[in-house]
Amino acid sequence: MTTNWSPQVARAMHELSNAAPAAPPVHDLGGRRPPPPRGAPTWARVAAAVIVVAAAVGLVALVRRDDPAPVDGPAAVVDVQHSRYEVTITAELTCAHPIDTTGTFPTYSVDTWSDRVGRQWRTTIAYPDGSTLEHISQGSAIYPTGSFERGEVRAPRMGCVGPAGEPFVLTTDPGVGGVYALDVTPELIDERPYVRLFTDDGTRVAGDHVDSRGRPSLLWEQRIDGFGGYGNAATNPLVQIQRWWVDPVDGSTVTEHQFTQTVDGLGTATITRTLVSTEATTVASDWFDTTGYRSLPTYPRPSQPPTPPNGADDTVPSP
Amino acid sequence: MQWRIVRSCGIVRLVDVRDEELYGKHADELIRFATTLVGPSLAEDVVANAVVKAMTSPSWPTVTEPRAYLFRSVLNEARGLSRSDRRRVHREEVAARAEVADEPTVSLEVRDAVGRLSLRERSVLYLAYWHDLSVDEIARTLGLSRRSTERALTDARRTLEERLS
């Protein structure tokens with residue numbers, strides 16, 4: 001509709017437009033203060049911590065077709081840290097309609113190659129049927145300036161389907177984003193304070209512990225109580241527990257990470273990621289070539305570091 | 001679907017990546033739309049709440065025109081703001097203007113003139129002015145009749161021209 005706008009209308013529209021704030025970043029959408037529903041009691045927020053976490057699991061058991069052979073000689077090579085992980089996703093669901101997991105795999109392996117000098121990372125997720133999901137990040141491990149992917153996610157979504165067809169996912173493995181790393185050093189150390197570590201969020205559990213592979217470990221744990229439900233409702237009490245098994249020698253290398261969510265009325269789902277091996281090696285420089293990959297959107301680093309959760313202020317909202 | 005883990009209010013949530021892409025594509029126009037409706041101070045919360053509600057709605061997977069759906073969601077969210085919220089924000093903005101003179105603000109004259117428009121009039125005017133939509137397109141976007149849309153647009157233009165001349 002082309003029309004001649006009066007100077008008065010133009011002035012009003014432009015003043016309003018110029019005063020518009022920046023759109024809230026996508027990772028902050030769910031953390032905004034909700035408007036108080038009319039006639040309903042107010043409720044307090046459980047905790048305030050906003051961060052995007054890409055955790056990985058370690059493991060090595062498969063020999064993959066596209067493993068890069070270490071390169072010798074003065075050809076174009078890149079020094080990398082190569083890590084292998086194993087992922088396991090399980091669930092015990094009590095809901096009437098679990099999400100269909102046909103065609104997915106609850107166990108698979110993950111390889112990552114980290115070029116920390118060139119600031120590029122490659123991840124290959126290999127599923128038992130031979131299919132792969134591959135991702136390359138550039139610039140930053142957590143807020144990449146270039147993000148590329150090929151393949152499909154074959155990890156199951158463990159959760160339930162609500163009465164109106166909406167899913168509630170208790171856990172899954174995203175398979176996208178930045179580096180898939182369990183060990184936060186050094187990739188994520190230089191992203192601080194925009195990345196939170198297990199020492200920020202967890203509490204050391206006293207005593208002797210071992211991970212799923214029987215390796216002696218320090219154990220850190222975080223528990224969060226809250227509410228969730230279909231359609232983002234706050235109807236069902238839930239508990240989220242994270243555990244980190246840490247190398248007792250250096251006290252910082254995470255060898256296993258586990259996230260468990262239990263939602264009243266729906267059940268429990270767990271994702272466990274285990275480091276199997278890690279080594280310094282070299283690969284050909286074209287190992288990080290993004291030809292044939294699809295480009296994914298990238299998100300700017302937030303202007304403010306995430307607010308740490310305050311356990312002392314945790315309150316359970318009344319639905 | 002591809003999922004991304006985000007942490008909100010301390011709770012891990014799993015967000016559909018494609019919804020994130022959609023939001024990123026329309027975020028700027030949604031925030032400008034919300035600013036036209038409720039002013040700059042409330043615009044962020046209105047957009048955030050509207051988008052979350054829209055994308056977690058049971059009907060979201062069946063929406064064929066997500067952009068129009070998001071605009072309607074923002075309008076509905078703006079309608080849900082209480083008068084006390086709007087008055088409180090107005091007081092805060094008046095006080096803030098005295099301290100931060102170099103940030104772009106809406107003049108009192110424009111604020112007063114726009115304040116006399118209904119939310120429907122503001123939303124119709126916004127879509128006509130910034131997106132050059134036809135009356136029929138605006139009506140379809142906002143779920144209004146053609147006649148209501150025409151009338152809202154005419155009334156909005158006349159009010160602003162009278163108040164700001």
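Analyst: What follows goes from the sheet to the disulfide, then to the aromatic rings, and ends with one arginine.

This is a predicted model, in which local features need pLDDT of at least 70 and side-chain atom pairs count only at pLDDT 80 or more, while totals for chains, interfaces and linings use all residues. Residues are numbered from 1 along each chain as its sequence is written, chains are lettered from A and ligands numbered from 1 in the order in which they are written, and side-chain values use heavy atoms, with hydrogens and water left out.

In chain A, eleven strands make up an open sheet with antiparallel pairing, and their order is β8-β9-β10-β11-β12-β1-β2-β3-β4-β5-β13. Strands here are DSSP runs of E with at least two residues, helices are runs of H or I with at least four residues, and both are numbered from the N terminus; two strands pair if DSSP finds at least two bridges between them. The edges of the sheet are β8 (203–210) and β13 (294–295) of chain A, each of which pairs on one side only. Strand β5 (residues 146–151) of chain A is joined to β13(A) by two bridges, and these strands run antiparallel; in this pairing A:E149 stands opposite A:R294.

Over all chains the structure holds one disulfide, a term that stands for a pair of cysteine sulfur atoms within 2.5 Å. The disulfide is formed by A:C95 and A:C160, whose sulfur atoms are 2.1 Å apart. This pair links distant parts of the chain, since A:C95 lies in the loop between β1 (77–93) and β2 (107–115) of chain A and A:C160 lies in strand β6 (residues 158–161) of chain A, 65 residues apart. The torsion about the S-S bond of A:C95 and A:C160 is about -85°, so the disulfide is left-handed. Both cysteines, A:C95 and A:C160, are buried, where buried means under 20% relative accessible area, exposed over 50%, and partly exposed in between (1.4 Å probe, protein chains only).

Rings of Phe, Tyr and Trp (its six-membered ring) pair if their centres lie within 6.5 Å, and planes under 30 degrees apart count as stacked, over 60 as edge-to-face and the rest as tilted. A:F105 and A:Y127 are stacked, at 6.1 Å centre to centre with 25° between the planes. A:F105 is buried with a relative accessible area of 17%, and A:Y127 is buried at 3%. Elsewhere in chain A, A:R122 lies over the face of A:W287, 3.6 Å from the ring centre; such a charge counts if NZ of Lys or CZ of Arg is within 6 Å of the ring centre and within 35 degrees of the ring normal.

Finally, A:R215 lies in the loop between β8 and β9 (216–228) of chain A and is partly exposed, with a relative accessible area of 24%. Not counting residues up to four places away in sequence, A:R215 touches A:H209, A:V210, A:T255, A:T274, A:L275 and A:V276, where contact means heavy atoms within 4.5 Å.
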